[in-house]
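Here's a quick tour of a protein chain, with an eye on its rings and its core. Have the viewer open as you read.

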Amino acid sequence: MRRRRAVRRLVATVALGGLAVVGAGCGSSAPAAPPSGQGLVLDRPTPQHASLVDQHGHAVSLADLRGKVVVLSPFLSLCQDECPLVTGAFAAMQRDLRAAGLADRVVFVEATVDPGRDSVARLAAYQKEFGADWELWTGSPAQVAAFWKPFGVEYQRVPEDQPAKTDWWTGQPLTYDVDHTDGYILLDARGRERYVEVSAPNMEGRLDRKLSGLLNAGGLHDLAHPQGPEWTPAQALGAVSWLLGTAVPAGGS
């Protein structure tokens with residue numbers, strides 16, 4: 001999985017390379033934009049009306065979230081390396097936003113790249129089992145592809161590593177995995193794409209026991225020994241603070 005992760009980063013970096021970078025200057029009274037080398041600062045429109053469904057079976061789109069900062073990430077509920085870390089990072093960020101009284105201004109969204117398995121019922125079970133107390137989106141293969149294409153997010157089915165891990169929901173052996181673009185995307189309250197981070201999260205060895213149970217050997221190694229350009233929940237919270245226009249203290253959890 002370490003080789004696959006490197007490939008995903010490369011694909012995402014090349015895909016994003018043509019975007020115009022926006023100046024990072026901000027007034028001294030507001031949080032600064034993320035520094036160069038920590039992701040890509042930009043300012044471009046996003047597809048607001050591409051429709052998916054959430055973990056409750058309700059039709060959703062990015063247009064529904066206008067007025068809030070959106071933290072968006074590709075994910076699959078059966079991921080064995082990066083996605084459980086993203087879920088853990090989102091949980092830590094959400095706790096800090098709640099402690100600062102700003103949770104109502106930010107929406108977290110994990111949207112699937114595995115529409116063949118991530119049904120509404122599975123996403124509802126994932127939320128309950130792993131504490132993902134935010135938006136979880138899925139749809140038909142065509143809907144998911146249409147949703148992710150404008151963001152440059154790529155994904156593909158690949159053979160499952162052997163010995164295969166067990167599906168946490170059905171108890172059956174997994175038959176395939178999905179390689180996908182790493183990282184997260186930030187949208188501002190106008191619905192514009194403002195920041196893209198295409199590396200994996202660095203949880204500094206700390207992750208909820210249930211989430212760490214989803215990791216394969218490569219994922220456990222990366223949790224304990226993070227490498228390369230990676231982002232911490234505190235860094236992501238700093239980027240969110242920039243879009244909120246007010247600093248959100250990181251609790252370090």
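## Charges over rings

First, a working rule: a charge sits over a ring if NZ of Lys or CZ of Arg is within 6 Å of the ring centre and within 35 degrees of the ring normal. This is a predicted model, by the way. In it, Arg 122 puts its charged end over the ring of Trp 168, at 5.6 Å from the centre. Arg 157 does likewise with Tyr 176, with 3.6 Å to the ring centre.

Trp 168 also belongs to a cluster linked by ring pairs, along with Phe 75, Tyr 126, Phe 130 and Trp 169.

## Aromatic pairs

The whole structure has 14 aromatic pairs. One of them joins Phe 108 and Trp 134: it's tilted, 6.1 Å centre to centre with 50° between the planes. Phe 108 lies in strand E5 and Trp 134 in the loop between helix H3 and strand E6, so this pair ties together parts 26 residues apart in sequence. Both Phe 108 and Trp 134 are buried.

Then there's Phe 147 with Phe 151: ring centres 5.9 Å apart and planes at 45°, so that pair is tilted. These two are buried as well.

## The core

The largest nonpolar core holds 69 residues, and Phe 147 and Phe 151 are among those with the most contacts inside it, as are Leu 72, Trp 137 and Trp 148. Helix H2 supplies the largest share, 8 residues. Beyond its sequence neighbours within four places, Leu 72 is in contact with residues including Val 109, Phe 147, Trp 148, Phe 151 and Tyr 184.

## The chain overall

You'll find 7 helices and 10 strands here. Of the 253 residues, 53% count as buried.

Notes
Residues are numbered from 1 along each chain as its sequence is written. This is a predicted model: local features need pLDDT of at least 70, side-chain atom pairs count only at pLDDT 80 or more; totals for chains, interfaces and linings use all residues. Side-chain values use heavy atoms; hydrogens and water are left out. A nonpolar core is a set of buried Ala, Val, Leu, Ile, Met, Phe, Trp, Tyr and Cys residues joined through side-chain atoms within 4.5 Å. Buried means under 20% relative accessible area, exposed over 50%, partly exposed in between (1.4 Å probe, protein chains only). Helices (H or I, at least four residues) and strands (E, at least two) are DSSP runs, numbered from the N terminus. Contact means heavy atoms within 4.5 Å. Rings of Phe, Tyr and Trp (its six-membered ring) pair if their centres lie within 6.5 Å; planes under 30 degrees apart count as stacked, over 60 as edge-to-face and the rest as tilted.
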